[in-house]
Amino acid sequence: MTLDELVRRVAGVLPPGAVITDPVRLRTYECDGLTHHRVVPGAVVLPESAEQIAAVVRLCNEYGVPFVARGAGTGLSGGALPRTDGVLIVTSKMRRILQVDLENRRAVVEPGVTNLAITEAVREHGYYYAPDPSSQQVCTIGGNVAENSGGAHCLKYGFTVNHVLALEIVTPDGDVVTLDADDPGYDLLGAFVGSEGTLGITTKVTVRLSRAPQAVTTLLAAFENIEQGGQAVSAIIGGGIVPAAIEMMDALAIAAAEAAVACGYPAGAGAVLIVELDGPEAEVRRQFAEVERVCRDSGAFELRTAAEPEERAAIWRGRKSAFAAVGRISPAYIVQDGVVPRTALPQVLASIDRLSAEHGIRVANVFHAGDGNLHPLVLFDDAEPGAGERAELVSGRILDLCIEHGGSITGEHGVGVDKSRYMPKMFTDDDLDTMQLVRCAFDPRGLSNPGKVFPTPRLCGEVPGVRKGVHPLVESGRAEQF
Ligand SMILES: Cc1cc2nc3c(=O)[nH]c(=O)nc-3n(C[C@H](O)[C@H](O)[C@H](O)COP(=O)(O)OP(=O)(O)OC[C@H]3O[C@@H](n4cnc5c(N)ncnc54)[C@H](O)[C@@H]3O)c2cc1C
């Protein structure tokens, strides 16, 4: 069989023990954070270098076998869902920080390095890596690049794409190439970030390091209801203040966090807002006074301030644990991710409430309020017949609401396998064809993470303007110029 033969050859180019075919061990990799999609991979490989990944990819090409990259498997859209007929390339053995260059404020790391490990490596020198997904203790920088991951502090500092200066990648046909922000011509680095493993595999990442701010102050404001919190968010941003982070949780999310980590948020709060300000001390002091005033004017009944790291960690504990915490109040749940314009937040949240009541499905709301990125947690009991389907329905209707209000089906968790069916709701066939022209330029044979992002994968020959089979650049041997 093709896969068996391929696996034998792959074993020949990797170190001993780097190929997994044992059915029990393969099951470890059958899903990512989106656990209701499961596929046991055909084989798993654990390479230690770009050259080894390139060798595996070249062999996959020779046999026409698809491959999927995987970092830590914390993705929430099924992006790292494997294929039974394919090879899963896991970067967990590529965890070296290769270079820290403080003078130029950059670090070069392997793709399996965790997000937080970068900050830990430079913290003592007064630097940090800014994008901070809540999963940062475990998720990898390779996964962050693939998903263009965000986090609480991305409102002020930007997403992963704003902090990646260069990438070394293995192209889908097995070449090792570099994409650099300074390259003239098209922004191929920008195209690659957020491509969810469909344009090749990241093997090295050069990240921007940020200087730790002089002062940081965190405020927790408790409101009777979510509308008051929303009003405060609009007034803060409308007033010209861009906080480092501005996060909101509703009553159900607060209850879950309380049950899980006893975060001690004010009793009786229908919503809490966490506002973090950072920068030069005088500016933070001035903005803080303004934020406090706005929160009180919007109806906050309790305000707590943290200036010390431990106090700040206490305020963040509830928010950072919110996704996992809902496991304490519900046997199963879907983490949704959608975006609405900030001004539409009150309307959309009211509609989510109505949907929840109509279908008898509880929804806890946690969101990056500053950029309108909602994370509704749709709770259900998987032992109850039909509950899973109702939860899926509510979850999908929430995305419809996001689109109707001019937003998006994903803010930071990606499209993956889960949301490809919603792509035609946002994009026309022509839009999707155009996007797939990019895909075809990198991956004419469609072997790199197929079945993700696009609902109807098209071969290159089916996209107008591109010849069937092999892209002209690849055919002429110039693919390395990508
Ligand atoms: C509790 C929790 C909280 C989270 N909070 C946030 C948050 O605040 N913000 C946010 O943006 N996300 C968040 N996430 C989602 C997730 O952590 C991110 O998407 C993260 O970037 C995934 O990294 P990973 O290493 O786990 O990637 P994986 O899940 O292994 O893979 C994700 C995608 O990246 C691709 N990929 C992985 N490595 C490579 C590589 N080297 N080259 C090419 N493609 C690759 C995979 O094929 C897949 O498509 C959260 C998840 C959980 C479980």
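## Nonpolar cores

The largest nonpolar core holds 72 residues. Ala-221, Ala-253, Val-272, Leu-273, Leu-377 and Val-378 have the most contacts inside it. Such a core joins buried Ala, Val, Leu, Ile, Met, Phe, Trp, Tyr and Cys residues through C-beta atoms within 7 Å. Buried means 20 or more other C-beta atoms within 10 Å of the residue's own, with C-beta atoms placed from the backbone.

Val-272 touches Leu-220, Ala-221, Ala-222, Met-249, Ile-254 and Tyr-265, leaving aside residues up to four places away in sequence. A second, separate core has 52 residues, including Ala-80, Leu-81, Leu-189 and Phe-442.

## Basis of the model

This is a predicted model: local features need pLDDT of at least 70, side-chain atom pairs count only at pLDDT 80 or more, and totals for chains, interfaces and linings use all residues. Numbering starts from 1 along each chain as its sequence is written.

## Helix 11

Helix 11 spans residues 309–320. Its buried residues are Ile-315, Trp-316, Gly-318, Arg-319 and Lys-320. They pack against strands 12 (215–223), 13 (245–250), 14 (271–279) and 15 (302–306), and against helices 9 (251–261) and 12 (322–325). Helices (H or I, at least four residues) and strands (E, at least two) are DSSP runs, numbered from the N terminus.

## Domains

An automatic or database assignment gives domain 1 (2–90), domain 2 (97–211), domain 3 (215–323), domain 4 (330–421) and domain 5 (427–481). The C-alpha centres of domains 2 and 4 are 28 Å apart. Six residues of domain 2 contact nine of domain 4, contact being C-beta atoms, placed from the backbone, within 7 Å.

Definitions and conventions: Buried ≥ 20, exposed ≤ 12 C-beta atoms within 10 Å, placed from the backbone. Contact = placed C-beta atoms within 7 Å.
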